[in-house]
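Open your viewer and keep the selection panel handy. We will go from the whole chain to single side chains.

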Amino acid sequence: MEMIGIAFEGGGAKGAYQIGVWKYIQEKNIKIDGVVGTSVGAINSAAFAMGDIDFALKMWTELSVENIVKDDGKEKNFPKEFSSDLAKDIDKLQEFFLNNKEPLDIEPMKEMIKTKIDEELIRSKNIDLGLVTYNLSKRKLKELFLEDIEVGSLYKYIIASSYLPVFKAEKIDGDYYIDGGFFNNLPINMLVEKGYKKIISVRLRPEEFDYSEFNNIDIIDISPDEFLGGTLDFNRENILKNIDKGYSDGKRILSNAIDTFIG
């Protein structure tokens, strides 16, 4: 039987949708051999690799602005979305990141990832785990699997994958990193390059995606048919809605395709 991989797209708070899809995958006992993701997709990928859906559901349903961004007493002006156009000019991206006058301190999010993601457990599992980030100091895209990451450093690279330019600029192991979503927001290529021929793609935006570059790869596309909310819209009601939406979309799409896909 061929290996099955899953790719999680980046998209901030919209990532709750992916937990709903995962819930259905677990209910149907669909064996996943590898999982990759960018930004929030990297966080969800690590949780998926842990194999604990209850942990992921608890993490998401308890998520709020307060456990993402440090409360400094100032009003938070969250941008709705972030333009990928920044990635077209690395100089502008670096200038914006390093000279942002009102950066968001994400110490609560970093602490959550460091303490909640169990690297030792993940390394004990027989599953491929990959993520994407961008080393802004060296201007180099980093597409990393678990075996490429030093033991004890997984949480750092999950944070690096999720580091939006509006966050407070801080170095990770001596270099600045930026959210990998500006360069590869849906890292299907990582699974393909590792030999996967069957991939479940879980996206967070209703726009169509061009899979034509992945010749001879069997891809099931799961994506919403409506806008799921802003990147930093960590509203509990919206999170619960998106989990339910992901579950219903996963059920609708996978129930019609999975038997042929696995076979």
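**Before you click.** This is a predicted model, in which local features need pLDDT of at least 70 and side-chain atom pairs count only at pLDDT 80 or more, while totals for chains, interfaces and linings use all residues. Residues are numbered from 1 along each chain as its sequence is written, and side-chain values use heavy atoms, with hydrogens and water left out.

**Stop 1: the whole chain.** Show the cartoon: the protein chain has 9 helices and 7 strands (DSSP runs, H or I of at least four residues for helices and E of at least two for strands, numbered from the N terminus). Its C-alpha trace spans about 55 × 40 × 35 Å along the principal axes. Buried residues make up 53% of the 263 residues; buried means under 20% relative accessible area, exposed over 50%, and partly exposed in between, using a 1.4 Å probe and protein chains only.

**Stop 2: the core.** Select Ile6, Trp60, Ile117, Ile122, Leu154, Ile200 and Leu254, which touch the most other members of the 75-residue largest nonpolar core. Such a core is a set of buried Ala, Val, Leu, Ile, Met, Phe, Trp, Tyr and Cys residues joined through side-chain atoms within 4.5 Å. Helix H2 (residues 40–50) gives the most to this core, with 8 residues. A separate core of 14 residues includes Val36, Phe145, Met190 and Tyr211.

**Stop 3: helix H5.** Now pick residues 107–116. Which residues of H5 are buried? They are Met109, Lys110, Met112 and Ile113. These cover an arc of only 160 degrees around the axis, so they lie on the same side of H5; the arc is that of the directions from the helix axis to the C-beta atoms. The buried residues of H5 pack against H2, helix H3 (53–61) and helix H7 (154–161), contact meaning heavy atoms within 4.5 Å.

**Stop 4: charged pairs.** A salt bridge here is a side-chain nitrogen of Lys or Arg within 4 Å of a carboxyl oxygen of Asp or Glu, and the count comes to 17. Zoom in on Arg139 and Asp91, whose side chains meet at 2.8 Å, N to O. Arg139 sits in the loop between strand S3 (128–135) and strand S4 (140–145), and Asp91 in helix H4 (residues 90–98), 48 residues apart.

Lys31 counts as exposed at 56% relative accessibility, whereas Asp33 is buried at 15%.

Finish with Glu107, Lys110, Lys168 and Glu170, linked in a network of salt bridges.
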